[in-house]
Amino acid sequence: MTYSDQELLAFLNGDLDGKRAAEIEQTMRVDRDLESRVMALDPVASPVREAMIALPGRHILKDLEKSAFVSDVSAGKSRQWLKLAAVLVLGAVMGGSAMWIGRPATEDWRGRVAQYQSLYVADTVRLTTATSDVLKRQIDAASERLGRPLEISSLEAPEALRLARVQVLGLDDAPLIQIVYQDGNGTPFALCVTTAKQPAEGDKTSSEMLHGLATTAWQDGSYRFIFVGGNDLSMTGQVAAQLKALL
Amino acid sequence: MKSRSVRDLLPRSLPSIWRFALSLTGDVEMTNDLVQSTCLRAVEKAGQFRSSGSFEGWCLQICRSIWLNELRSRASRQDKAFATLDVDQIPDLAPGIEHNLYAKEIISRVMTLPDAQRSVVELVFVQQFTYSEAAVILDIPIGTVMSRLHASRRALKEFAGVTNREKRKEQK
């Protein structure tokens, strides 16, 4: 089937009769050359592209480039872009297989989790909150990877926190399950669970500030847990005690 | 793909992700936040990207997915709808463009389109994805892409065939 430029322009302008227009649409689905021809003929595309390509503006692009390529981010930049810079720069520096926290490091695992969590801001959680159906699937997948059941009723137990999402990360070749919460003020929190090389002897729970965040960590048999977020060690201690009793 | 590779590819794709995010949100601040979340998610989900596909297309799918979650969340909180973007909200446009009223006029008009039309305009007109690629990114039938483009063309028809360069010549 062949179409003249005039006919294709009429199609683009919506001036072609319905049957012929439908035929062109149908043909384009299997004929990439026709699709390219139609796109090239589009009289509106070029002016719009030329105008829109000016975005993002210089100011934003400068932030984007700094975030992407480096490093020298000055103190006056917004917190959001500092976070993005941190993500991209950490990546460039550390590399690794699953996540940057998956790369063996000299720092204690709790510090590495806290460092990752410190990248989270209110909007990170707000924009990535899962629906209840998705959340259930995320929990099922995480339980399977971890080899230990995680019950949604237990995870939802902390009253002051809203369960936002669950995802599987990696830490030293072991799965690390991150269960993300947010409090009423938007502050992000997370419960992270991973496996331990050695089973725990006795009950060792420790609370300390790491990378500016309050953390409470404990071990239960072959699983290590850490609750991290905010700057109130008594709060992380209380939530950790509640979760420890339920999980 | 490894997360390292994704992080290497992200910088080049940031302008495209930013423009697509703007087409979804219609708001500069929300766009910046959405780009940040998209980058975080892309790094986290690096293992799911197949190098045979379009990296940018994959990032834009992530961007759209995060935005849909945000819309659902806003709906459940009964937040107010977003205001239409004033083009002067956008910090300094690219060199040579800031004084080009014609370009500003086009951007303003694009930003007044319904968000569903804006996103196909961005993908097909600006980023030059094919209709079928745009359909995959937006998870809609190709016929819907076509009908949204038809509606957009009608709204933008006064700019048809006149580029900035031609407009500048015309003004001289």
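How many helices and strands are there in chain A? In this predicted model, chain A holds 11 helices and six strands. Of its 247 residues, 50% are buried. Contacts between residues 24 or more positions apart make up 50% of the chain A contacts that have a separation of 6 or more. The accessible surface of chain A amounts to about 11600 Å², and carbon and sulfur atoms contribute 50% of that surface.

The helix α1 of chain A, which spans residues 5-12, packs against helix α2 of chain A, residues 18-30. The two axes lie 10 Å apart and cross at an angle of about 100 degrees. An angle of 65 to 115 degrees counts as roughly perpendicular, and α1(A) and α2(A) are therefore roughly perpendicular to each other. On the side of α1(A), the contact is formed by A:Glu7, A:Leu8 and A:Phe11. On the side of α2(A), the residues involved are A:Arg20, A:Ala21, A:Ile24, A:Glu25 and A:Met28.

Several residues of α1(A) are buried, namely A:Glu7, A:Leu8, A:Ala10, A:Phe11 and A:Leu12. An α-helix has 3.6 residues a turn, so residues three or four places apart point the same way. The partners of the buried residues of α1(A) come from both chains: in chain A they are α2 and α3 (32-41), and in chain B they are α6 (131-138) and α7 (142-156). Just after α1(A), the residue A:Gly14 adopts a positive phi of about 75 degrees.

A further helix pair joins chain A to chain B. Helix α4 of chain A (residues 45-52) packs against helix α4 of chain B (residues 101-112), with the axes 9 Å apart and at an angle of about 100 degrees. This angle makes α4(A) roughly perpendicular to α4(B). From α4(A), the residues A:Pro47, A:Val48, A:Ala51 and A:Met52 take part, and they meet B:Ala103, B:Ile106, B:Ile107 and B:Val110 of α4(B).

Is B:Asn69 buried or exposed? Its relative accessible area is 15%; because buried means under 20%, B:Asn69 counts as buried. When residues up to four places away in sequence are set aside, B:Asn69 touches A:Leu127, A:Thr129 and A:Thr131.

Over all chains, the structure contains seven aromatic pairs. In one of them, the ring centres of A:Tyr181 and A:Phe227 are 6.3 Å apart and the ring planes stand at 65 degrees, so the pair is edge-to-face. A:Tyr181 has a relative accessibility of 0% and so counts as buried. A:Phe227 is likewise buried, with a relative accessible area of 0%. Ring pairs join A:Tyr181 and A:Phe227 with A:Phe189 into a cluster.

In chain B, the rings of B:Phe49 and B:Trp58 have centres 5.1 Å apart and planes at 45 degrees, so this pair is tilted. B:Phe49 and B:Trp58 are both buried. An aromatic ring also meets a charge in chain A, where the charged end of A:Arg224 sits over the ring of A:Trp109, at 4.7 Å from the ring centre.

Definitions and conventions:
Residues numbered from 1 in each chain as written. Chains lettered and ligands numbered in written order. Predicted model: local features only at pLDDT ≥ 70, side-chain atom pairs only at ≥ 80, totals over all residues. Heavy atoms only, no water. Helix = DSSP H or I, 4+ residues; strand = E, 2+ residues; numbered from the N terminus. Buried < 20%, exposed > 50% of the residue type's maximum accessible area, 1.4 Å probe, protein only. Contact = heavy atoms within 4.5 Å. Areas by Shrake-Rupley, 256 points an atom, 1.4 Å probe, with all protein chains shown as cover. Phe/Tyr/Trp six-rings, centres within 6.5 Å; stacked < 30°, edge-to-face > 60°. Lys NZ or Arg CZ within 6 Å of the ring centre and 35° of its normal. Axes fitted to C-alpha atoms, helices over the stretch in contact; angles between N-to-C directions. Parallel < 35°, antiparallel > 145°, perpendicular 65-115°, else oblique.
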